[in-house]
Each structure stands twice: as C-alpha cells, then as structure tokens.
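User: I would like to learn how to read a few local features in a model. Please start with the terms.

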Amino acid sequence: MSDKKIILPHNHSERDNILVEEIPSLETIRNVADAMKQLGDPSRLRIFWLLCHCEECVINIAAATGMSSPAVSHHLKLLKSAGLVISGRHGKEMYYRAADTDIVLKLHHTIEEIARISCPEN
Ligand SMILES: [Zn+2]
C-alpha cells in the first residue's frame, strides 16, 4: 500500500476513503492475477483440475486431456511457476500434482462450484 494519501475527487462518504486506503498493493494483486491468469486458460484449467485429484506424469496427462506432451509440459511449467502445481521424481519419471495449499484447495472447489460438478473424491 502506498503511503501517499489519496483524496477522491468526489466525497460521497467517509467509507469510500477508507476503502481506497485498503486497496491491496500492486505486488499483492499481481500474485493473485498471475494465479488467475494461469487458470484463465481452458487447457491449464483442465490440467489443474485433474491434478487436484491425482498425481500424474506428463505422458498420462497428455493422454487424459488429448494434448501433446510438449503442450502439457508447457502448461505445467506455467502452473508450477504460479505455485499451483508441484512436481516430484519417482524413479526415472517426474510426477505432477496440485500444490498442497489452502488457496489451491479453494480454487479446486471454486472450479467445481462454478462448473456445477461434483468432486470425484466426494
Ligand atoms: Zn474435486
């Protein structure tokens, strides 16, 4: 948040000025926007939803979603950099799953609520 006091041109109520002072910083908003931007892509959203329910390798994610492996790898890289997906090596292969965070769980359930679909785990 900026230290600079912002005076709104129209003074409708004291509440407006309080809200202006509480607008999150651009940096905070950038982190939220980045996570949402990554999920704003239908292919990434499908991969993310799948990985909310299982841990899979690139080859199986590609087969499950009908995408090429290089395309899946590209999407996974972006999902990882947004903190939405994590990876781990098992033997020779790399496996991916949704990050184990509160925000990921909320996004997972938000997707299901908006799409009006049930969580397969329920
Ligand atoms: Zn679910």
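Analyst: Buried means under 20% relative accessible area, exposed over 50%, and partly exposed in between, with a 1.4 Å probe and protein chains only. His108 counts as buried because its relative accessibility is 4%. This is a predicted model: local features need pLDDT of at least 70, side-chain atom pairs count only at pLDDT 80 or more, and totals for chains, interfaces and linings use all residues. Residues are numbered from 1 along each chain as its sequence is written, and side-chain values use heavy atoms, with hydrogens and water left out.

User: Which residues are the protein donors of the zinc ion?

Analyst: Donors are N, O and S atoms within 2.8 Å of the metal (3.2 Å for Na, K and Ca); water is not among the atoms, so sites may look incomplete. Here they are His53 (NE2), His108 (NE2), Glu112 (OE) and Cys119 (SG), 1.8 to 2.3 Å from the zinc ion. Along the chain their spacing is H-x54-H-x3-E-x6-C. His53, in the loop between helix 3 (42-51) and strand 1, and His108, in helix 6 (residues 102-115), are 55 residues apart, a pair that links distant parts of the chain.

User: How do strand 2 and strand 3 run, and how many bridges join them?

Analyst: Helices (H or I, at least four residues) and strands (E, at least two) are DSSP runs, numbered from the N terminus. Two strands pair if DSSP finds at least two bridges between them. Strand 2 (residues 85-90) runs antiparallel to strand 3, with six bridges; Val85 has Ala98 as its bridge partner. In their hairpin, with two residues between the strands, Gly91 has a positive phi near 65°.
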